[in-house]
Amino acid sequence: MTNVGCAAWSLPKSRLPGTLPDGMMMHVGIQTLSQMRMLKECHVANEQKLRQCLGCSDGRQKISAIGLNLVEKFGLNSSAGTKFRTEFFQFCLHVVHAAEFLDVPVVYIPSFNKNEIVGADDLAETATFFKELCQAAQRHPVLIASENSLSAEKQLALVRQVGEPSFRVLLDIFNPLRWGHSVEEIISSVHPYLLSQVHVKDGVLPGYDNALLGQGEGNVAAVIERIEQLGFCETYILENDYSKLSIEGMSADISFLRSCISGTQGKCQRM
């Protein structure tokens, strides 16, 4: 059965992950340096403390990935990022160890904002970081993934340069549109290397995550249909901004997404 979940940062501030339906998958994120250092001090064998540091203390929710989102504020490829890089690398290994203990299958690093890959040098440096991380973490049964703004061609170049079997690309179905790429081309070309978890949001450009699924410019139904045809996705993670779209909007998105997965609404048009 295909799972449906939500990113913790997409929830309204007043709604904790524990208020979600039982069994929903969660993507949780490390957002700040203070959170990073607090988690770094947490003993890996302390499940309650680890989950508390990750912002998902309710054991009814399954954490399916940990995103190291704070790197977007520093960047690993900038001069400032070079000073931060060693500490961050060691922290990544700590998170991978914690992920194994918590039975979380994926740790991913986003390449947006100050960590965006904008040229050949950035691509090479990012690939080297991921390659070294995959090699250092190879005794842990945890996948390492990149979420980024690259085209299909550059995604494949990144995969080739990393060259490690534990490396994957995390697809967000709306992000390619934001950077002028074809999500259909990325799915068709890169799917052997795509993570089995996919971020799902919609939007009206130049914004994003600002429209319920099927009501924006993301052609969500057709994209989900193509993903289902290829059969690589096991978990869809909602990433709309429900602090603006409301918790009722999240319920509507869950229903819409499930109808797309099951095909019970044909082209998945919202009723």
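**Entry 1: helix 5 and its neighbours**

I started with helix 5, whose buried residues pack against helix 4 (120-136), strand 5 (143-148), strand 6 (167-172) and helix 7 (183-190). A reminder to myself that this is a predicted model. Helix 5 covers residues 152-162, and I listed its buried residues as Ala-152, Gln-155, Ala-157, Leu-158, Val-159 and Val-162. Just after helix 5 I came to Gly-163, which takes a positive phi of about 65°.

**Entry 2: the chain as a whole**

I stepped back and counted 10 helices and eight strands in the chain. Along the principal axes, the C-alpha atoms fill a box of roughly 50 × 40 × 30 Å. The radius of gyration is 18 Å, which agrees with the value near 18 Å for a compact globule of 271 residues. Buried residues make up 54% of the 271. Of the contacts with a separation of 6 or more, 71% are between residues 24 or more positions apart.

The largest nonpolar core has 81 residues, and Ile-66, Leu-68, Phe-88, Leu-171 and Ile-227 have the most contacts inside it. Helix 3 gives the largest share of this core, 10 residues. There is also a second, separate core of six residues, with Ala-65, Val-106, Ala-145 and Leu-195 among them.

Leaving out residues up to four places away in sequence, Ile-66 touches Val-28, Ile-30, Leu-54, Val-95, Ala-99, Val-104, Val-106, Val-107 and Tyr-108.

**Entry 3: two single residues**

Is Leu-70 buried or exposed? Leu-70 counts as buried because its relative accessibility is 0%. I found Leu-70 in the loop between strand 3 (62-67) and helix 3 (79-101). Beyond its neighbours within four places in sequence, Leu-70 is in contact with Ile-30, Gln-31, Thr-32, Leu-33, Met-36, Phe-84 and Phe-88.

Thr-2 sits in the segment before strand 1 (3-7). With a relative accessible area of 19%, Thr-2 is buried, given that the cut-off is under 20%. Not counting residues up to four places away, I have Thr-2 touching Cys-233, Glu-234, Thr-235, Tyr-236, Arg-258 and Ile-261.

**Entry 4: empty space**

Rolling a probe the size of a water molecule over the atoms shows where empty space is left. I took the largest pocket next, with about 540 Å³ of space. The largest pocket is lined by 22 residues, and Trp-9, Glu-72, Asn-113, Tyr-208 and Glu-239 lie nearest its centre. By class, I noted seven nonpolar, six polar and nine charged residues in that lining. Strand 4 (106-111) and helix 6 (175-178) each supply at least two residues of the lining of the largest pocket.

How many cavities of 30 Å³ or more are there? I got two. The largest cavity has a volume of about 90 Å³. It is lined by 15 residues, and the closest to its centre are Asn-148, Gln-155, Leu-171, Asp-172 and Pro-176. Strand 6 gives the most to the lining of the largest cavity, with four residues.

The second largest cavity has about 40 Å³ of space. Its lining has four nonpolar, four polar and no charged residues. Helix 4 gives the most to the lining of the second largest cavity, with three residues.

Terms used:
Residues numbered from 1 in each chain as written. Predicted model: local features only at pLDDT ≥ 70, side-chain atom pairs only at ≥ 80, totals over all residues. Heavy atoms only, no water. 1 Å grid on protein atoms, 1.4 Å probe; cavity = no way out; pocket = protein on both sides within 12 Å on 5 of 7 lines; lining within 4 Å. Points joined across faces, edges and corners; volume = space filled by probe spheres on them. Nonpolar A, V, L, I, M, F, W, Y, C, P; charged D, E, K, R; others polar. Buried < 20%, exposed > 50% of the residue type's maximum accessible area, 1.4 Å probe, protein only. Contact = heavy atoms within 4.5 Å. Core = buried A, V, L, I, M, F, W, Y, C linked by side-chain atoms within 4.5 Å. Rg over C-alpha atoms; globule rule 2.2 N^0.38 Å.
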